[in-house]
Amino acid sequence: MKNTIFAFKNDSPKYKQIYEQFKSFIEQGDILADEQLPPIRHLADSLQVSRNTTLMAYDQLVAEGYIRGEGRKGYFVNELEPLVFQEALKSHSKKQTESAKPVRVDFRAGVVDQTHFPLSIWRRMSNQVLTFQKSFLYGEHFGEMCLREQISEYLLQSRGMKADANAIVIGSSTQQILIYLGLILKDDYPSITVEDPGYDGARNAFQFHHFMLETLPVYETGADFSKLEQMESRLIYVTPSHHSPYGVSMPIQQRQTLIQWANQVQGYIIEDDYDSEFRYTQQPFPALASIDSARVIYLGNFSKSFLPGLRLSYMVLPQPLLKRYKNQFLHFESTTSLLSQLTMAKFMEEGEWNRHIKRMRLVYKRKMQHLVSLLKKQFEQNVSIIGEQSGLYILVKVHTKHSEEQLIQRAYDGGVKVYPTSPYFIKNNTDQPLIKLGFSNLSFGEIQLGVNLLKKAWLL
Ligand SMILES: Cc1ncc(COP(=O)(O)O)c(C=O)c1O
């Protein structure tokens, strides 16, 4: 065992500090299995603590299985499961690298702009909602009707959809909805086509139900439908408004082809209308579900358009599926916070939702333009920018011999966090690395700093 130097801090009990120190030695392999720990008396003397303190630390380690007492012989280290051991090592080395390199700019995509969040309005409405008597109940199984009515109105106005409020089901996230939906689909539709590349979170939900997966290749310019007829699946999951991750929108001809296909095979299209609110060049395209609602399961959510932590999303189900869904989940309580639902309904009813979307479209458009112009200036022909017409991130195709991993590491070493796109790809890989840069919660200054640091880190 290494020579141990304990430097006690004042903010936690000494026994706990001794316990934590030994635990981390064991997890990191500094003390090996079957090695003996110092006798209680020796340790207490050398640390100038009471024997009781040392005993309490050892008792805790025994209780958690790190060590065992062998009577008079003393305490010995137990064999650890390699997995536990490796996880601890991983998190330890992660902590070390994280603390070693300060991140100055984080181009994370799954966040929203904090400075423009309508905090005082939301707070006022939340407080009002807390005075409602129904706020103290469980809420309706398939979501609050007042919210479903607001969503129905919004879908008509902004997505051209005629969605009956009764056909809307509120859930807590896209994945949760897909998991529930999977339960009513998997027997009749054992396989599903997914976009490649495509949203890995949806794919995980389908894999959870052991759907067989077929793939629809998608490129920067859009999807390749040439093999659609040969697919076995009668179910397809797509992101037509803002493809994840390329950001392209599906042209009307392809939307019609897809609807025709679904009618022909008597199948369903799962339309994830993610990020549809933020288009910067033209008006948002109408939803697939506005062309033919009988064959489309429409998914919407409030994560990027409002607040991801709210965990509020919804789906619109065609009649036969709605009936099946309601039968299946008749005795299940809602998965979504009643308070959030009621507050959001109020927020929409009073016109704040529309104002918010309008304001944020402008905020994000300016940030997007700023990021794109800086990247073009700094990197010129060395990068291509993908997806600048919509959404809260862009993809940067880097013309380099470096891999995605190397680019991310170099950026990180230079104080910038950037993100991979490889998790989206199944077999349709790209020829050059594609890096994802989110900008939603960065200030103009941070965007500029981030691009400057990237330029230095990538040396392009
Ligand atoms: C295409 C797509 N749909 C849905 C989601 C997430 O939805 P939620 O916030 O409801 O979990 C993501 C998240 O990045 C996404 O990329």
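## Domains

The protein chain splits into domain 1 (14–91), domain 2 (105–115 + 355–458) and domain 3 (119–351). This is a predicted model. Domain 2 is written as two stretches, 105–115 and 355–458. Between the centres of domain 1 and domain 3, taken over C-alpha atoms, there are 51 Å.

Look next at strand 9 and strand 10. These two run parallel and are joined by four bridges. Asp 272 has a bridge partner in strand 10, namely Leu 299.

## Helices on the sheet

## A pair of crossing helices

How do two packed helices get described? By the angle between their axes and the distance between the axes. Take helix 7 (residues 174–185) and helix 10 (residues 319–328). Their axes come within 10 Å and cross at roughly 105°. Angles of 65 to 115 degrees count as roughly perpendicular, so helix 7 and helix 10 are roughly perpendicular to each other.

Residues from both helices make the contact. Helix 7 supplies Tyr 180, Ile 184 and Leu 185. Helix 10 supplies Leu 321, Arg 324, Tyr 325 and Gln 328.

## Nonpolar cores

In soluble globular proteins, nonpolar side chains tend to be buried together. Here, the largest nonpolar core has 112 residues. Leu 185, Leu 258, Ile 269, Ile 270, Met 344, Leu 437 and Trp 458 touch the most other members. Helix 12 gives the largest share of this core, 11 residues. Domain 2 and domain 3 each contribute at least three residues to this core. A second, separate core has 19 residues, among them Ile 40, Ala 44, Val 49 and Ile 67.

Now zoom in on Ile 269. What does Ile 269 contact, leaving aside its neighbours within four places in sequence? The list is Ile 236, Val 238, Leu 258, Ile 259, Trp 261, Ala 262, Leu 288, Arg 295, Val 296 and Ile 297.

Pro 197 is in the loop between strand 5 (191–196) and helix 8 (200–208). Pro 245 lies in the loop between strand 8 (235–238) and helix 9 (252–265).

Positive phi angles also turn up. Asp 275 is not a glycine, yet its phi is positive, about 65°. It sits in the loop between strand 9 (268–272) and strand 10 (296–301). Glu 380 is not a glycine either, and has a positive phi of about 45°. Glu 380 is in the loop between helix 12 (352–379) and strand 12 (383–386).

Are these two residues buried or exposed? Asp 275 counts as buried, because its relative accessibility is 6% and the cut-off is under 20%. Glu 380 counts as exposed, because its relative accessibility is 57% and the cut-off is over 50%.

Notes:
Residues are numbered from 1 along each chain as its sequence is written. This is a predicted model: local features need pLDDT of at least 70, side-chain atom pairs count only at pLDDT 80 or more; totals for chains, interfaces and linings use all residues. Side-chain values use heavy atoms; hydrogens and water are left out. Buried means under 20% relative accessible area, exposed over 50%, partly exposed in between (1.4 Å probe, protein chains only). Two strands pair if DSSP finds at least two bridges between them. A nonpolar core is a set of buried Ala, Val, Leu, Ile, Met, Phe, Trp, Tyr and Cys residues joined through side-chain atoms within 4.5 Å. Domain bounds come from an automatic or database domain assignment. Contact means heavy atoms within 4.5 Å. Axes are lines fitted to C-alpha atoms, for helices over the stretch in contact, and angles run from 0 to 180 degrees between N-to-C directions. Angles under 35 degrees count as roughly parallel, over 145 as roughly antiparallel, 65 to 115 as roughly perpendicular and the rest as oblique.
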